[in-house]
Amino acid sequence: MLGGNYNESGYGTASMVNIINCYNSGIINGNYESAGIAGWLGYNGNLQNCYNIGEVTGLDGTKTFYRGVATVSNCYETIGTQVTNVTASDVTSGRLCWLLSGGNTTDPVWRQTLGAADSHPMPNARERIVYKNGTTYYNEPDKNYLHMASTQMRPGGSTVLSISMTNDDAITAVQFELSLPEGVSVASASLTDRKNGHSINFSKLANGNYRFVVFSGSFTTFRGNKGAIINVTLNATSGMSLGDYTVRLMNIELSTLGAEAIYPMDYASTLTLTNSIRLGDVNGDDKISITDAVGIVNYILDNASANFHVEAADVNNDGNISITDAVMIVNIILNQDAAVKERRTQEVETEREPQ
């Protein structure tokens, strides 16, 4: 609040009320002085870069944005005409965000992550900058982001979820939350060979998500610009139903050496609960090959590949994943080839038999 004077009529407030970069999306139901942004401003109000998309009810249905007398600039609402009216489509498409920002794409206050049904402008650096091309509004693709492939596991079993980072910038620290379906928990987590003096810690939050922090005390940056950085071992309870579940990376923050915070978009993938996991097919490509044997060796060396299936790797079913399982996969491959050769020989001999 800034100092001001009484209106000559004696009404109002002794202070100038400045409301800048604010919004309302909730339901407001009150008396005569109810409004979406300011219930009573007296005669010294100043409203800038604000919007209301919430429902407002009161004794005077024409005053949906503010009460009193105010100077208004660059303000919008969807339910009335006290300020510039916009449509619901303007809100979700990014047009409203563009208007609030005045076309600023360098360091705008208002940002918006487009795509969700309830998407709307937010004065939040975690949201994304809105750009315009003709009549189309869009977010630029992330240059630095986390992602993960879909994976599968048995009820009561385990799997390794590989979380990867693609980064144009040199990243020194990573923080994010991992949202898992009910019945799935984090057993352990380790860093891949992209680490460079980094350590990893995680904890379970009150909302059920797991928060991960990867940090280098010497402020070194991750090696390379793409590939897995974290392998998370997941456990599923035995009572879980078969089917597809959503796993989500959210509230992601990447930090550069210059202490710049980068907030990539959330990322979701599918976790499939199934009973049809094939022993030896550790990478889930529906075949057993030398790549699966290499995958087991990498797992033993604490460098599991993406989509590494723990249960499929325990080929001899002794409850331990070791080099013996890799050797058994090699034997399976050789036996598979022999079995195919024998079957083809039998087919040829059958064709040669006299009719």
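Which residues do ring pairs link into a cluster? Phe176, Phe202, Tyr210 and Phe212.

This is a predicted model, in which local features need pLDDT of at least 70, side-chain atom pairs count only at pLDDT 80 or more, and totals for chains, interfaces and linings use all residues. Residues are numbered from 1 along each chain as its sequence is written, and side-chain values use heavy atoms, with hydrogens and water left out.

**View 1. Ring pairs join Phe176, Phe202, Tyr210 and Phe212 in a cluster.** The structure holds 10 aromatic pairs. Rings of Phe, Tyr and Trp (its six-membered ring) pair if their centres lie within 6.5 Å; planes under 30 degrees apart count as stacked, over 60 as edge-to-face and the rest as tilted.

**View 2. Phe202 and Phe212 form a stacked pair.** Their centres lie 5.2 Å apart, with 25° between the planes. The pair links distant parts of the chain, 10 residues apart. Phe202 sits in strand β18 (residues 198–204) and Phe212 in strand β19 (residues 210–216). Strands are DSSP runs (E, at least two residues), numbered from the N terminus.

**View 3. Phe202 is partly exposed, whereas Phe212 is buried.** Relative accessible area is 33% for Phe202 and 0% for Phe212. Buried means under 20%, exposed over 50%, partly exposed in between (1.4 Å probe, protein chains only).

**View 4. Four strands form an open sheet with parallel pairing.** The order is β3-β6-β9-β10. Two strands pair if DSSP finds at least two bridges between them. β3 (23–24) and β10 (84–85) stand at the edges, each with a single partner strand, so one side of each lacks a neighbour in the sheet.

**View 5. Strands β9 and β10 run parallel.** Two bridges join β9 (residues 76–77) to β10. Tyr76 stands opposite Thr84 in β10.
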